[in-house]
Amino acid sequence: MCVRTTPIVVIALLALLGTLGVVVVVAGLPGDLKLPQIIGPECTVRADGEVTLDLVQMANAATITAVGVRRGMPERAVVIALATAFQESKLENLDDGDRDSIGLFQQRPSQGWGTFEQIKDPRYAADKFYTALKKVKNYQKMRVTDAAQRVQRSAYPNAYEKWADESAVLARALTGRATGAVACTVTGAPALRGAAAAAALLKGLKLDWGKGLAKTPAAAQAAGLTVVVPDASTGWRYAHWLVSHASATGLERVRFANLEWHAPDGKWQSVTPDSAAGERQVVAQVFS
């Protein structure tokens with residue numbers, strides 16, 4: 001009698017891969033059995049706590065934060081916005097939801113939030129959320145979930161609070177209060193190269209940061225771009241934003257002060273400080 005042990009082996013292998021978070025493709029298993037692709041988070045944010053996100057979530061979190069900062073909203077408002085988007089969409093720009101809810105904040109066209117096309121623009125959606133939040137009296141003194149609920153009017157008013165800690169970590173990093181805190185690993189063929197990649201980076205910066213970028217001049221070259229900054233905190237805002245948007249723009253390296261991030265490695269490493277740039281320039285290099 002022939003005893004088939006393959007299923008037991010496969011189950012054990014699946015359990016191991018799930019623990020390690022490895023992405024694999026295995027051919028030749030009997031009965032056309034295929035292992036699922038197990039995809040782990042590509043970004044880790046460390047700022048008095050740790051949060052892991054995929055590349056899409058990270059880019060959306062960075063945009064939500066940038067919109068809040070350029071509007072002059074306090075960090076508490078950014079925390080509330082991020083917690084809301086975590087709960088409503090898991091920081092994904094959804095095409096649908098409950099009834100006619102869409103986008104990062106699951107805003108509804110029928111409730112006056114805007115058209116489908118407008119709400120699907122993360123910058124527009126974030127801006128509308130901050131506009132509504134600003135009208136909530138004393139929101140900075142409220143629990144995260146209470147402030148969010150005053151805007152969202154959800155059927156689950158306490159659900160936002162469970163994302164408060166994660167959102168605070170992201171806000172600290174993305175507002176520039178942490179150093180080398182956003183680390184994303186970007187592998188595979190770059191989305192763009194050369195001048196096209198540099199142009200995409202500069203366009204994204206201008207769209208997210210708006211008039212605030214005028215205070216920190218940015219210039220694109222074929223190899224990337226340079227952003228002149230007044231201080232370290234502003235520098236880390238832009239450095240972390242660049243890393244967060246690396247996947248869609250063809251960004252290969254970011255250098256600020258004495259640290260450099262490299263896309264395939266996904267880490268910030270110490271480098272010899274550039275005496276000419278110091279903490280006055282964020283330098284982004286794209287794939288050629």
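This is a predicted model: local features need pLDDT of at least 70, side-chain atom pairs count only at pLDDT 80 or more; totals for chains, interfaces and linings use all residues.
The largest pocket has a volume of about 600 Å³, and its lining is made up of 22 residues, among which Glu88, Gln106, Gln152, Arg153 and Ser154 lie nearest the centre. At least two lining residues come from each of helix H3 (75-89) and helix H6 (144-152), with H6 giving the most, namely 3 residues. By class, the lining of this pocket comprises 9 nonpolar, 7 polar and 6 charged residues.

The second largest pocket holds about 320 Å³ of space, and of the 19 residues that line it, Ala59, Arg123, His245, Ala248 and Thr249 are the closest to its centre. Several helices each supply at least two residues of this lining, including helix H5 (122-134) and helix H8 (194-209). The lining of the second largest pocket divides into 9 nonpolar, 7 polar and 3 charged residues.

The structure contains 10 salt bridges. In one of them, the side chains of Arg177 and Glu75 meet at 2.7 Å, N to O; because Arg177 lies in the loop between helix H7 (164-174) and strand S3 (182-184) while Glu75 belongs to helix H3, the pair ties together parts that are 102 residues apart in sequence. Arg177 counts as exposed, at 52% relative accessibility, whereas Glu75, at 25%, counts as partly exposed.

Arg123, which was named above for the second largest pocket, forms a salt bridge with Asp208, the closest N and O atoms being 2.4 Å apart. This pair links helix H5, which holds Arg123, to helix H8, which holds Asp208, across 85 residues. Arg123 is partly exposed, with a relative accessible area of 21%, but Asp208 is buried, at 0%. Through shared partners, salt bridges join Asp121, Arg123 and Asp208 into one network.

Definitions and conventions: Residues are numbered from 1 along each chain as its sequence is written. Side-chain values use heavy atoms; hydrogens and water are left out. On a 1 Å grid over the protein atoms alone, a cavity is a set of points where a 1.4 Å probe fits but cannot get out, and a pocket is an open set with protein on both sides within 12 Å along at least five of seven lines; lining residues have an atom within 4 Å of a point. Grid points are joined across faces, edges and corners, and a volume is the space filled by probe spheres set on the points. Helices (H or I, at least four residues) and strands (E, at least two) are DSSP runs, numbered from the N terminus. Ala, Val, Leu, Ile, Met, Phe, Trp, Tyr, Cys and Pro count as nonpolar, Asp, Glu, Lys and Arg as charged, and the others, Gly among them, as polar. A salt bridge is a side-chain nitrogen of Lys or Arg within 4 Å of a carboxyl oxygen of Asp or Glu. Buried means under 20% relative accessible area, exposed over 50%, partly exposed in between (1.4 Å probe, protein chains only).
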